[in-house]
Amino acid sequence: MTEPRTAPGALLPVPVVLAGARGHGRWHLANIRRLQAEGLVRLVGIGELTPLTEEEFGGELPEQSADFGALLDSTGARVAVVCTPIPTHTGLALAAAARGVHLLLEKPPAPSFAEFRRMADGVAAAGVACQIGFQSLGSHAVPAIRELVAEGAVGRVVGVGGAGAWVRPEEYFRRAPWAGRRRLNGVDVIDGALTNPLAHAVATALALDGSTRAEDVTGIETELLRAHDIESDDTSCVRITTARGGPVTVAATLCAERADEPYVLVHGTRGRITLWYKQDRVLLQRAGHGPREMRFGRTDLLENLLAHLTDGTPLLVTPDRTGAFMKVVEAIRQAPDPAPLPAGVWHRVPGENRRVVPGVDGLVAAAADTLSLYSELGAPWAPPAHHPPKEVSTR
């Protein structure tokens with residue numbers, strides 16, 4: 001086993017390399033700068049196929065290289081933040097693990113369950129820490145809701161719903177060669193609404209159900225559709241049967257009439273709890289009580305990883321705690337290619353270069369509210385019928 005370059009009691013600041021500094025990587029770059037100002041990290045390298053300019057970076061650049069392994073070697077990095085195209089995640093994670101470098105790996109962690117297992121097993125064998133970048137799972141609202149549920153605040157939980165109604169322009173699906181693709185050059189990508197932009201809705205719903213590990217999922221139903229001229233889904237829903245017995249149903253679209261805050265909804269026999277996970281805002285509604293709204297803080301996942309390395313603080317989002325999410329990714333990967341929506345059920349918004357499916361906002365909300373699939377809600381463009389929950393092969 002490779003000796004990790006950092007262990008409990010490690011000296012600060014921790015040298016960090018960022019792989020992927022454009023796109024969402026800009027958020028990670030800003031976060032690393034914030035932690036650098038606090039003396040927790042030192043940015044020692046950036047991995048990009050096309051180097052950043054000083055103007056783009058906003059100052060003097062650290063070492064850059066398109067060779068991730070060589071960059072880790074030359075900089076002596078102890079932590080790597082990986083925010084690169086989905087198909088590259090496993091290879092880069094294993095390259096870091098082989099050098100004893102700890103990881104913050106962006107979601108989704110891999111495009112298939114087999115790649116996920118290869119990554120997770122390799123990281124575990126190397127003895128390095130790995131945090132998966134589901135930032136919503138750093139919300140203090142998640143344990144607070146679990147506590148409310150355990151106390152019986154809403155009675156017995158009968159299911160969890162999730163809803164994400166977003167708008168995205170046509171350019172969103174052309175932002176990178178892999179965008180909107182299920183496969184690229186024979187390699188899985190699986191860049192769909194539920195697996196990438198609204199993946200947090202799925203992961204957070206599973207977390208609130210207490211079903212985060214692969215073995216917690218017993219069956220999955222999918223309905224995958226698309227209004228855009230892409231391979232992947234932009235309007236989809238999934239219903240997950242868990243070992244706990246209650247369904248977890250999540251509906252999403254990138255073709256909403258109006259952008260709305262995504263949320264997760266815990267259904268109980270005597271009430272409900274709504275979490276708007278990007279805002280860390282919770283609404284508790286229950287019989288015999290007035291509504292109660294709460295707001296919570298959030299632990300940054302890179303900070304949590306650093307705390308784990310320096311004082312042994314438990315990691316919030318280990319690979320195994322994303323196993324259930326990855327079974328959903330696998331079900332979507334194995335499903336038939338998303339069905340194109342007929343031209344008559346969507347239209348372009350003048351001057352905004354985006355496609356809208358009229359009525360989809362209400363259907364997304366109704367799916368989360370009733371734990372139903374689009375087809376069961378009578379959506380005219382949904383598949384005529386769904387099949388019993390499918391056990392997803394992960395071999």
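Which residues of helix H3 (residues 68-75) are buried?

**View 1. Helix H3 and its buried residues.** This is a predicted model, in which local features need pLDDT of at least 70, side-chain atom pairs count only at pLDDT 80 or more, and totals for chains, interfaces and linings use all residues. Residues are numbered from 1 along each chain as its sequence is written, and side-chain values use heavy atoms, with hydrogens and water left out. In H3, the buried residues (under 20% relative accessible area, with a 1.4 Å probe and protein chains only) are Phe 68, Gly 69, Leu 71, Leu 72 and Thr 75. Seen down the axis of H3, they fall within an arc of 165 degrees, taken from the directions from the helix axis to the C-beta atoms, so they line one face of the helix. Helices (H or I, at least four residues) and strands (E, at least two) are DSSP runs, numbered from the N terminus.

**View 2. The surroundings and ends of H3.** The buried residues of H3 pack against strands S1 (14-19), S2 (41-47), S3 (63-65) and S4 (79-82), and against helix H4 (89-98). At the N-terminal end, Asp 67 caps H3, with a side-chain oxygen 3.3 Å from the backbone nitrogen of Gly 69, while Gly 76, just after the helix, takes a positive phi of about 70 degrees.

**View 3. The largest nonpolar core.** A nonpolar core is a set of buried Ala, Val, Leu, Ile, Met, Phe, Trp, Tyr and Cys residues joined through side-chain atoms within 4.5 Å. The largest one has 100 residues, and those with the most contacts inside it are Phe 68, Ile 240, Leu 302 and Phe 325. Its largest share, eight residues, comes from helix H7 (residues 199-209). Apart from this core lies another, of 22 residues, among them Leu 341, Val 357, Leu 363 and Tyr 374.

**View 4. Tyr 172 and Phe 173, an aromatic pair.** Rings of Phe, Tyr and Trp (its six-membered ring) pair if their centres lie within 6.5 Å; planes under 30 degrees apart count as stacked, over 60 as edge-to-face and the rest as tilted. The rings of Tyr 172 and Phe 173 have centres 5.1 Å apart and planes at 90 degrees, so this pair is edge-to-face. Tyr 172 is buried, with a relative accessible area of 15%, and Phe 173 is buried as well, at 9%.

**View 5. Tyr 263 and Trp 276, a tilted pair.** The ring centres of Tyr 263 and Trp 276 are 6.4 Å apart, with 55 degrees between the planes. Tyr 263 lies in strand S13 (residues 263-268) and Trp 276 in strand S14 (residues 271-276), so the pair ties together parts that are 13 residues apart in sequence.

Methods
Buried < 20%, exposed > 50% of the residue type's maximum accessible area, 1.4 Å probe, protein only. Contact = heavy atoms within 4.5 Å. Polar contact = N/O pair within 3.5 Å; in protein donor to acceptor, adjacent residues only side chain to side chain.
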